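Here are a few exercises on how chains touch each other. Have a go at each task before you read its solution.

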Amino acid sequence: MIEVKEPKKELPLIGTMKAMAVVAKHLFQKPVTVQYPEQKRELPDRFRYRIFLSLDDCVGCTLCEQVCPNISIHMQKVDRENPRNKRKIYPDVNFGTCTVCRNCEEICPTDAIYLTHVFETARTRNSFTYSPEELSLPEDEVIK
Amino acid sequence: MMGSHISKPDEHGWVELNMGPQHPSTHGVLRLKVKLDGEIVKEVEPVIGYLHRNAEKICELDYYCDSMIYFDRMDYVGAMNMEVGYLEAAEKLLGIPPPERVQWIRVVMAELSRIASHLVWAGAFGLDLGMLTPFFYCFVEREKVLRIFVEACGSRQETNYMSIGGVYQDFNDKLVHDILEFTEQFPKKLDDIFNAYVKNDIFISRTKGIGILEPEVALDYGVTGPMLRASGVDYDVRKAEPYLVYDKINFDVPVSYKKDNLARFLVRFEEMRQAIKIINQAVKKIPDGPYFNPKAKKSLMIRLRGEGEVYARTESSKGEFGVYLVGDGGVKPYRVRVRSPSLKNLSVLPYLAKDQMIADLVAISGTIDLVFGEVDR
Amino acid sequence: MNVLTRLADFFAALGHYPAYILAYLFETLFLIVFVMVSLIAMIYIFRKYMARLQLRIGPNRVGKFGTLQLIADSLKLVGKESILPSGRDDLPYRIAPIIVFLGLVMGFALLPYGPLYFIGSLTVTHSDVSLLLLFAALAIMPIGEILAGISSRNKYAVVGALRGVAKDVSFEIPMMISVLALVMMASAKTANPLNLTNLVEVQFIPYGIPQVIGLGVFFIAMVARASFSPFDMSESDSELVSGHSTEYTGMRFGMFYMGLFGSIFLSSLIVSLLYLGGYNGPYSGYAGFIFLIIKGLILVLISFTIWLSVPRIRIDKFVNMGWKYLLPASIINLIIAGVLTLGLGI
Amino acid sequence: MVEILEESTGKDGRRVLKVAKEDLVQLMKELKGQGFVHLSLITGIDRKDRLEVVYHLQNLEKNEYIAVKTETLDERVPSVTSVFTSANWDEREQYDLMGIVFEGHPNLKRLFLPESWVGHPLRKNYDISKVQYINMDENGEDYATFDPGDGW
């Protein structure tokens, strides 16, 4: 335990001026702002946002649907030949409610669903849900 | 604004004023029904629940491993502390203790997020008092902490970094290097922020001797954390009932006997300095080993079963954060109960703000350090 | 030779009176343009300066370095719908922002601006009691704020207006007493010390040096007059939402906003005129106006630093300060001024 | 002296006392006399056939943390606000979400939800598929409604 001492009492006005000097000192420091669309900070390796789905790897086990805390993932029927996915069900993701918790990526037994560095997504309110095919496409193709 | 129109004063000649839920100083969605006698606050009635999501019910409907993100969203400015609190309970209930390495990692992350939380508080408190600039210095520093979080787990605020029996992703040398770099430059910046506040006569006059909370009253209302310690009660869960590896770390608990706003301010700043001390020790001591308990393998995440009752408490940045878990042997918890420190600390506001001025009501509610995700849950 | 006579000469062909009427009209127009330009410059400087203090960049998208940002903002304010609260007291509610803005322009009109190169003196008003007129004009602005607070029928606004009254009462008297000391000192040198031009021109030594206490008291009073932090109790945004201007939107709010920044510039100019030698300086016959603006801008930057780094003082503490510290200090300053004038003959 | 029905140790190593609800206030008073000055948490648990209320108490000097349990069949439990002020909001919260009526509480109103909310969400038989919407009336008070058009 340590007792916190009250700071030394400053002379009236002198203390205020010292505090002002502390603030005014920052006038000569570089701004920290990043001008976003022109400048971009590099993303750390583990940064995660947009979910991708590899249609070839997905076995349709529904584990991601079960583990999703927000019920953002639902299994959809997709007519696609895949010997590993007999039931022909693939997950879709509603990015309106997705919290990017990474649980689906962690639990996926075949690493078919994974999160990526893509974060510049722009959708309207009615199209937050990405269908399985859209999940497997790059973002700029989806927006088209 | 609803209710802010002039109405007839009541029988005492008091005027009712409705501050919030959208008000610049209420840190979210606090609504205060205030009875005013001129400038003097005669009665305060906090009205809460505008951010209520009933996280307890949602946790009951989900698997044990899924509840983490709802705990992140309770104290969203210091999410790691919430995760530690939940896992303390869940791991005891499920019988999956984390490996040694994980415990040290969790200590580092919890203390980093304590710094992040206190920095938000310090900046917002300045805004409450009308200081515009130190807010930005606090957030510049906080951004560095959040950058470390992104590097560790990919998310800034709602991290979802820890999982039952471990952490999702391991520490690496770059992270350790970044954390050490941060702890090296942070104390100097912290002193700058500190001086920008306490050297100011007006700041001292706004905080000193205002909002005095006697220790008996504080305990009676269930106040914990920095507020309780600023009232002169030397109590910290990290010391009293050490969880993780806090008993192997050398740190001090700051206490003040002045009981006022200034004391709370000073205690929180000292806590940040102590947190740096803890991080510096813990980062260097992280042992090698697995970062995941093999009993909680990834594919088994949703099949964990727990039975019995566990109450675990941790020292979050706001105070004593308790999680009471009741399991019935199923894959989902039977009952989850959260003791949120902000809620208890808020309940003392009507007592503190009685017969103070409006300006002091704002200052006092600033020192309580409210985060509404946690109050309303 | 000043602007007025030059303009009158220009219109001399129209006869004596029409020429002077036109000259006054044009001069007023120039003045309003000057006020608007300085307001925009003030807000731009404030935003850039605030941004740099806060480790940001500030406006930089509209125009080069964001210089057109303010024009865009004012267009936005003009284009916005002015929402009128239903329970308002209509006439005071509507005229309150105009009163504030009018007080501001009148204050600017009464200042002596000093000579600028070949144009000559830029002073608009040539009155022998311009000092009195100036403080009369300054007293108009708070009336507008109080009217706004009371007429908009909002509890926050009423509390803000009440605070404004308490604030004005407590700094007005020390301010006037410290100005009295100035007049006392100037009266030894000039026959007409109430004329601002005379008051400035007798400052061979700026009055801020013999009257340090007076400068301090007057500067604090001027900061309180402009009502920014630490003395923005009447519109304290974290307590009373926005104080007296809570219920104002659109251009009406814009007038209060401009009133705030204008009065910062105005009070800086007044302080530099009264205490820092105004437009006196080397080659002041040619560049006096520039000296005045530079001194004013330095004071403006100091004011902004105070605004951005000091917390808001509590209203009762401020009233205490006004009556217990500022008033005695200003009286002491008056005595010192008396001693200096009569005893030492400075 | 209060009759303690059962004394056990929980999975977390904390002492658990079980009492009848009639003895609750008396026990709390005694515990407060023994130094348990901090009532940390009140939890209601819906056991389907009965409601269980758990009080977590803390003794700061001895550094001891215990739980007191009581049960009720008719949703009624005596309030302990007369002993601990901190029980005030906790009991309101449990009344709000769990529907436990604390007898003798000075101001037993809902804490989070508006007064007109139907049901208590933490009950096991609460139907979460019925959505309730919240709106505000002219006086600034909230009310709940089942009509989606009326809510926000």
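This is a predicted model: local features need pLDDT of at least 70, side-chain atom pairs count only at pLDDT 80 or more; totals for chains, interfaces and linings use all residues.

Residues are numbered from 1 along each chain as its sequence is written, while chains are lettered from A and ligands numbered from 1 in the order in which they are written.

**Exercise 1.** Work out what chain B brings to its contact with chain A.

Step 1: count residues in contact (C-beta atoms, placed from the backbone, within 7 Å). Chain A puts in 30 residues and chain B 41 residues.

Step 2: look for elements, meaning DSSP runs numbered from the N terminus (helices: H or I, at least four residues; strands: E, at least two). On the side of chain B that touches chain A, α5 (134-153), α6 (173-198), α7 (201-207), β6 (254-255) and α11 (261-285) each supply at least two residues. The most come from α5(B), with 5 residues.

Step 3: sort by class (Ala, Val, Leu, Ile, Met, Phe, Trp, Tyr, Cys and Pro are nonpolar; Asp, Glu, Lys and Arg charged; the others, Gly among them, polar). This side of chain B has 12 charged, 9 polar and 20 nonpolar residues.

**Exercise 2.** Find the strand of chain A that pairs with β6(B).

Step 1: strands pair if DSSP finds at least two bridges between them.

Step 2: pick out partners. Opposite A:E3 you'll find B:V255.

**Exercise 3.** Describe how chain D meets chain B.

Step 1: 32 residues of chain B are in contact with 28 residues of chain D.

Step 2: on chain D's side, β3 (38-46) and α2 (87-98) give two or more residues, with β3(D) giving the most, 6 residues.

Step 3: that side has 3 charged, 10 polar and 15 nonpolar residues.

Terms used. Two residues are in contact if their C-beta atoms, placed from the backbone, lie within 7 Å.
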